[in-house]
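Hi,

Here is the structure I promised to pass on. Have a look at it first, and then read my notes below.

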Amino acid sequence: MASATDSRYGYRDVSDQNFDYMFKLLIIGNSSVGKTSFLFRYADDTFTSAFVSTVGIDFKVKTVYRNDKRVKLQIWDTAGQERYRTITTAYYRGAMGFILMYDITSEGSFNAVQDWATQMKTYSWDNAQVILVGNKCDMEEERVIAPEKGKHLADQLGFEFFEASAKENIQVKQVFERLVDIICDKMSESLDTDHPPGGENLRFTDTAPPIHQKCSC
């Protein structure tokens with residue numbers, strides 16, 4: 001069983017009863033692919049079309065419940081500009097999961113995916129889980145990257161793949177839920193425990209389970 005100081009995938013802190021595990025997640029990718037909008041849509045269910053470039057790094061916290069366990073997500077929104085790269089890569093270490101994002105209307109952002117993947121491999125732990133996300137799938141008329149092309153690249157890199165839209169709230173929640181799911185599965189493997197039945201269909205909610213249901217590791 002992981003100790004309170006083992007943060008490879010998250011930890012249980014006996015002094016804090018507000019969560020069972022905490023996962024550090026990062027959203028990375030080129031500037032203007034929609035990382036901040038994606039985070040705000042998930043954390044606050046809000047969207048603004050105004051583009052304001054992230055300076056350095058910012059984060060939000062959201063708690064979800066997986067199999068009656070409270071999972072606190074610390075989600076970091078990173079700046080895509082080169083001048084902030086030294087700052088943002090310092091946050092890679094300790095991250096349990098990454099959302100690597102490109103814009104389906106921007107070939108440049110898609111071509112940069114490989115470089116971002118290399119950075120993750122250099123600065124993060126080997127066991128970090130990654131989902132490749134093609135954002136802005138609502139902008140079909142301006143699309144330059146076909147879904148098949150995104151899926152092919154994800155397969156090459158060993159990542160899972162989603163297309164999503166922060167604006168239209170398409171697949172945003174599903175991306176985060178799937179990332180948490182694969183982190184939890186990896187954690188179960190690391191702790192040499194059995195997978196819960198129906199692991200691929202685990203339910204996530206934003207509300208706490210009834211008090212009579214006890215959490216167990």
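From the N terminus on, the elements of the chain run β-α-β-β-α-β-α-α-β-α-β-α-β. That comes to six helices and seven strands; helices (H or I, at least four residues) and strands (E, at least two) are DSSP runs, numbered from the N terminus.

Before you go further: this is a predicted model, where local features need pLDDT of at least 70 and side-chain atom pairs count only at pLDDT 80 or more, while totals for chains, interfaces and linings use all residues. Residues are numbered from 1 along each chain as its sequence is written, and side-chain values use heavy atoms, with hydrogens and water left out.

Of the 217 residues in the chain, 48% are buried. Buried means under 20% relative accessible area and exposed over 50%, with partly exposed in between (1.4 Å probe, protein chains only). Among contacts (heavy atoms within 4.5 Å) with a separation of 6 or more, 73% are between residues 24 or more positions apart.

Next, helix 6 (residues 172-190), where you'll find aspartate 185. Aspartate 185 is buried, at a relative accessible area of 17%. Its side chain makes a polar contact of 3.4 Å with the side chain of arginine 66. (A polar contact is a pair of N or O atoms within 3.5 Å; within protein, one must be able to donate a hydrogen and the other to accept it, and residues adjacent in sequence count only if both atoms are side-chain atoms.)

Now the rings. The whole structure has seven aromatic pairs: rings of Phe, Tyr and Trp (its six-membered ring) pair if their centres lie within 6.5 Å, and planes under 30 degrees apart count as stacked, over 60 as edge-to-face and the rest as tilted. Tyrosine 21 and phenylalanine 23 form a stacked pair, 6.5 Å centre to centre with 25° between the planes. Tyrosine 21 is buried at 7% relative accessibility, and phenylalanine 23 is buried at 0%. Elsewhere, ring pairs link Phe38, Tyr42 and Phe176 into a cluster.

Cheers
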